Amino acid sequence: MWFFARDPVRDFPFELIPEPPEGGLPGPWALHRGRKKATGSPVSIFVYDVKPGAEEQTQVAKAAFKRFKTLRHPNILAYIDGLETEKCLHVVTEAVTPLGIYLKARVEAGGLKELEISWGLHQIVKALSFLVNDCSLIHNNVCMAAVFVDRAGEWKLGGLDYMYSAQGNGGGPPRKGIPELEQYDPPELADSSGRVVREKWSADMWRLGCLIWEVFNGPLPRAAALRNPGKIPKTLVPHYCELVGANPKVRPNPARFLQNCRAPGGFMSNRFVETNLFLEEIQIKEPAEKQKFFQELSKSLDAFPEDFCRHKVLPQLLTAFEFGNAGAVVLTPLFKVGKFLSAEEYQQKIIPVVVKMFSSTDRAMRIRLLQQMEQFIQYLDEPTVNTQIFPHVVHGFLDTNPAIREQTVKSMLLLAPKLNEANLNVELMKHFARLQAKDEQGPIRCNTTVCLGKIGSYLSASTRHRVLTSAFSRATRDPFAPSRVAGVLGFAATHNLYSMNDCAQKILPVLCGLTVDPEKSVRDQAFKAIRSFLSKLESVSEDPTQLEEVEKDVHAASSPGMGGAAASWAGWAVTGVSSLTSKLIRSHPTTAPTETNIPQRPTPEGVPAPAPTPVPATPTTSGHWETQEEDKDTAEDSSTADRWDDEDWGSLEEAESVLAQQDDWSTGGQVSRASQVSNSDHKSSKSPESDWSSWEAEGSWEQGWQEPSSQEPPPDGTRLASEYNWGGPESSDKGDPFATLSARPSTQPRPDSWGEDNWEGLETDSRQVKAELARKKREERRREMEAKRAERKVAKGPMKLGARKLD
């Protein structure tokens with residue numbers, strides 16, 4: 001039987017990458033790039049080849065091998081594995097680059113920032129302090145060749161070949177025999193008399209001064225060049241001069257040198273060093289300290305090196321979320337760091353965390369995710385959106401907090417292109433129908449209409465035919481003026497999705513009714529839309545062959561390109577929503593569209609105006625919009641009425657500070673609107689809707705809850721809507737003929753679901769009148785029957801107990 005000797009190099013779990021070794025190491029070691037055979041993870045491998053007649057160098061290399069295995073410190077090169085044979089020594093460490101090569105590459109890429117150098121020197125000095133003060137070891141080889149940089153930009157101290165004990169155990173310092181290394185020796189070593197008084201750290205601190213000079217000025221030509229600081233920063237020069245002083249006794253201890261440089265105004269007193277020091281001790285920090293740190297971190301990330309953000313900050317953010325219960329504060333810096341990642345890295349590191357965050361019940365985290373969705377939506381695939389994100393996002397439509405509902409509506413613009421048929425055309429339409437019909441906040445109803453117009457091109461042909469006309473018609477009857485404008489602009493932006501019959505028979509009658517709207521901004525947009533639809537009808541009438549071309553998108557499948565031209569000329573013009581959303585909600589709560597009267601068309605002259613039909617008070621009445629305030633806000637915003645795409649929608653970011661105090665997401669949507677309103681007069685914090693402290697800058701929340709009063713005169717100085725300059729092409733001194741219009745009866749649209757094919761059409765008013773007449777007839781019939789029963793009972797008289805009824 002044959003036995004073969006095993007090759008230890010072949011069985012070693014790490015292998016060298018076949019390429020020339022990296023330069024910059026004047027010592028006996030050669031640095032190679034390598035990788036782990038099992039995983040392919042990168043490492044660095046220091047190789048020493050044993051040569052005959054070099055026993056002294058071999059002993060130095062073996063001593064360094066031993067030091068690498070026994071010394072563990074965050075700022076010393078991390079040992080992973082090693083191999084010792086008769087022919088070679090292999091030391092495997094974390095993947096690093098020699099400092100000289102790293103600095104040269106950074107200079108070619110635009111230069112190294114002082115922030116990075118300050119933290120790098122901080123790490124080297126801290127490693128020297130550990131060796132001298134804690135281990136009583138003298139490094140004896142501090143120079144550019146002994147410093148390495150990892151992928152995060154962290155500086156690591158290596159070059160442990162010539163280390164010796166400060167206590168004299170094992171003899172004096174080993175002889176180097178390499179001129180490139182001996183030039184860093186301090187001048188007192190040349191004095192063999194032994195009369196020079198020095199500290200154990202004096203020689204290493206001299207070499208540290210040489211390292212500082214080389215970092216800022218390049219390779220050191222001779223020791224005399226140390227007298228000229230050159231490009232060393234002024235804040236570091238005084239401390240540098242202490243290091244290279246001729247008297248070794250006055251050279252500071254590494255710990256005191258760090259303390260001096262960290263003093264206020266010192267070279268190492270900056271945000272970058274403070275951030276790194278906090279990250280090193282983050283595991284033992286208090287939760288409040290972590291929260292404050294992550295809140296301030298995003299402001300500083302722009303000034304930090306990219307490699308540092310990717311390889312040091314990002315892992316700490318992910319760990320803080322997974323195990324530190326950091327919550328929503330990690331989102332902003334997390335997405336900021338995510339910009340430095342490739343698409344593959346983003347999918348591996350960020351997306352799993354984002355998906356997990358969406359399932360959280362923390363409201364603050366949810367609203368932050370919705371606000372910053374634009375930063376990560378491109379990395380989400382459709383199956384993930386439909387199965388893991390959308391089912392959690394839709395809970396926001398039912399939340400009691402208006403800020404959550406508003407941000408949820410806005411997020412649909414980004415999610416709609418990735419939603420499947422069921423989620424987009426059925427589930428989402430149900431929620432939009434409920435918000436547009438029932439939501440008590442006017443700006444949210446308006447934003448729902450805006451969003452529907454912008455995602456209309458993604459809907460299927462059957463859904464577009466069933467939903468769009470009815471939805472925008474309902475919006476034109478909303479008591480909130482910007483909602484009516486949104487309805488008109490919705491028609492305009494989706495004009496290519498309607499047949500000519502629908503344009504003539506359904507859309508134009510609705511738009512014509514708005515030409516006498518009390519708000520001039522509504523009338524202007526209505527006339528503009530009418531002219532556009534009429535021009536289309538006229539062109540088809542003149543040339544019927546154009547019909548097929550004009551209606552090509554009506555029955556086409558959903559396409560994100562549809563409606564682009566319409567959106568450009570329509571302008572998406574309700575910028576009123578931009579500033580109104582947050583301002584109006586925190587100033588005055590709006591009523592639901594089914595509870596507020598819409599101003600009515602004027603009655604003909606000579607005919608007495610009918611008394612306005614009173615709206616019965618219901619438990620869900622939530623107050624009313626004061627006419628003066630609405631006119632004022634509309635006047636302020638209508639001047640920018642043609643720039644929806646240029647400005648963001650309204651936002652409720654002011655409410656973020658109170659989101660953490662709200663009840664959980666899972667229970668917030670179950671609170672009824674009736675209970676919300678019935679408790680609104682109390683200023684306690686019992687209900688989730690009662691804490692609006694951050695929204696009181698422009699008006700108290702409770703002051704908006706007041707009973708409608710049509711008899712209250714407007715305050716002095718109040719101007720009618722017609723008196724404002726609405727940004728039209730020319731101004732007129734004539735009075736507005738629509739300024740004195742009376743209120744028309746409220747039409748109460750049924751809150752039907754959009755997904756049930758029962759959108760109310762234009763004949764809703766007549767059906768409601770018939771239903772009301774039938775109800776009154778039933779009530780009269782019931783009263784007649786009760787009266788007849790009472791008459792029969794009185795005629796018979798009382799009967800005694802046990803009396804026998806006679807025929």
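This is a predicted model: local features need pLDDT of at least 70, side-chain atom pairs count only at pLDDT 80 or more; totals for chains, interfaces and linings use all residues.

1. For the points on burial, a residue is called buried when its relative accessible area is under 20%. With that cut-off, Phe-272 counts as buried because its relative accessibility is 3%.

2. The structure holds 17 aromatic pairs, one of them being the pair of Phe-65 and Tyr-79, which is edge-to-face, with 6.4 Å from centre to centre and 85° between the planes. Phe-65 belongs to helix H2 (residues 55-70) and Tyr-79 to strand E4 (residues 79-84), so this pair ties together parts that are 14 residues apart in sequence. Phe-65 is buried, with a relative accessible area of 5%, and Tyr-79, at 12% relative accessibility, likewise counts as buried.

3. A further pair is formed by Phe-272 and Phe-308, whose ring centres are 4.7 Å apart and whose planes stand at 70°, so that the pair is edge-to-face. Since Phe-272 lies in helix H9 (residues 271-280) and Phe-308 in helix H11 (residues 306-322), the pair ties together parts that are 36 residues apart in sequence.

4. Turning to charged side chains, the structure holds 25 salt bridges. Among them is the one between Lys-552 and Glu-549, where the closest N and O atoms are 3.3 Å apart.

5. Helix H31 (residues 764-796) contains both Arg-782 and Glu-779, which are 3 residues apart, about one turn of the helix, and whose side chains meet in a salt bridge at 2.3 Å, N to O. Arg-782 is partly exposed, with a relative accessible area of 40%, and Glu-779 is partly exposed as well, with a value of 25%.

6. Arg-781 and Glu-784 also lie in helix H31, again 3 residues apart, about one turn of the helix, and their side chains meet in a salt bridge at 3.9 Å, N to O. The cut-off for a salt bridge is 4 Å, which a reader may wish to keep in mind for this pair. Both partners are partly exposed, Arg-781 with a relative accessible area of 47% and Glu-784 with one of 44%.

7. Which residues are linked with Glu-779 and Arg-782 in a network of salt bridges? The network also includes Arg-783 and Glu-786.

Definitions and conventions. Residues are numbered from 1 along each chain as its sequence is written. Side-chain values use heavy atoms; hydrogens and water are left out. Rings of Phe, Tyr and Trp (its six-membered ring) pair if their centres lie within 6.5 Å; planes under 30 degrees apart count as stacked, over 60 as edge-to-face and the rest as tilted. Helices (H or I, at least four residues) and strands (E, at least two) are DSSP runs, numbered from the N terminus. Buried means under 20% relative accessible area, exposed over 50%, partly exposed in between (1.4 Å probe, protein chains only).
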